[in-house]
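Hi,

Here is the structure I promised to pass on.

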Amino acid sequence: MVLAGRGERAETRGPGAGAFVGLVLVHSGPDGAGEAARLLSWYDARARIAPREVPCGCRREDGHADPRCPHCGGSGHRTVMENPDAKFASARPVKRWQDWSLSELADLAAGRCRVIVTPDGEWHERGHGSDEQWRAQARDLLADHAHFAAIAYEFTSPDDGENGGMA
Ligand SMILES: [Zn+2]
């Protein structure tokens, strides 16, 4: 149980450099795992989505694409299949709480946890703010969902490919 000892990482099986821990809050009940998987599928880099056209990066301010562009051949658009909302490459549940105390989970969330996914499917990620800001945000989110089950996941980061930019 990787998360059992807060503060002491299981170095042999703990998250690697591109890994992080998150909490998924779901309705209590036997389908909690399936519900969490459904919520997380929105953010899965492996999710298959319909091919769609996006503006090619070669399109210039005057609206013209580069006619020699190898990606779009000058059309100004290219077809992509990556999940635009991808947040992780893999997700592995490591611990589940049916009943939990706010202080217990708030401590965990303020520590190694970087993400809280609420039952509405929102992905709340630790930003660049201070530890105290994240602690307060995590505590508020948990307090708002006191009657939900919580599942801790270990995630691996998606590759920082061309999909990671603001294009
Ligand atoms: Zn192009």
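Before the strands, a word on pairing: two strands count as paired if DSSP finds at least two bridges between them. Helices (H or I, at least four residues) and strands (E, at least two) are DSSP runs, numbered from the N terminus. Bear in mind that this is a predicted model: local features need pLDDT of at least 70, side-chain atom pairs count only at pLDDT 80 or more, and totals for chains, interfaces and linings use all residues. Residues are numbered from 1 along each chain as its sequence is written.

Overall, the protein has three helices and seven strands, and along the sequence they come in the pattern β-α-β-β-β-α-β-β-α-β. I call a residue buried if 20 or more other C-beta atoms lie within 10 Å of its own, exposed if 12 or fewer, and partly exposed in between, with C-beta atoms placed from the backbone. On that count, 23% of the 167 residues are buried. Contacts are pairs whose C-beta atoms, again placed from the backbone, lie within 7 Å. Of the contacts with a separation of 6 or more, 72% are between residues 24 or more positions apart.

Now the strands. β1 (residues 19–26) has six of its eight residues buried, so it is largely enclosed by the rest of the structure. It pairs with β7 (residues 149–156) in the antiparallel sense over eight bridges, with Ala 19 standing opposite Thr 156. β1 is also joined to β5 by four bridges, and these two run parallel; here Leu 23 has Ile 116 as its bridge partner.

β5 itself is mostly covered, with four of its five residues buried. Three bridges join β5 to β6 (residues 123–125), and that pair is antiparallel. Val 117 stands opposite Trp 123 in β6. The two strands form a hairpin with five residues between them, and Gly 121 in the turn has a positive phi of about 90°.

Next, α3 (residues 131–144). This helix has 14 residues and reaches 20 Å from its first C-alpha to its last, close to the 20 Å expected at 1.5 Å a residue (the expected span is 1.5 Å times one less than the number of residues). Which of its residues are buried? Trp 134, Ala 138 and Leu 142 are. Seen down the axis of α3, the buried residues fall within an arc of 65°, so they line one face of the helix; the arc is that of the directions from the helix axis to the C-beta atoms. What covers them includes α2 (102–110) and β5 (113–117). On the face turned away from the buried side sit the exposed residues Glu 132, Gln 133, Ala 143 and Asp 144.

Last, a residue in a loop: Arg 59 lies between β2 (52–55) and β3 (77–80). Arg 59 counts as partly exposed because it has 17 C-beta neighbours inside 10 Å. Leaving out residues up to four places away in sequence, Arg 59 touches Ala 65 and Gly 76. Its C-alpha is separated by 8.6 Å from that of Gly 74, which is 15 residues apart from Arg 59 along the chain.

Cheers

Methods: Two residues are in contact if their C-beta atoms, placed from the backbone, lie within 7 Å.
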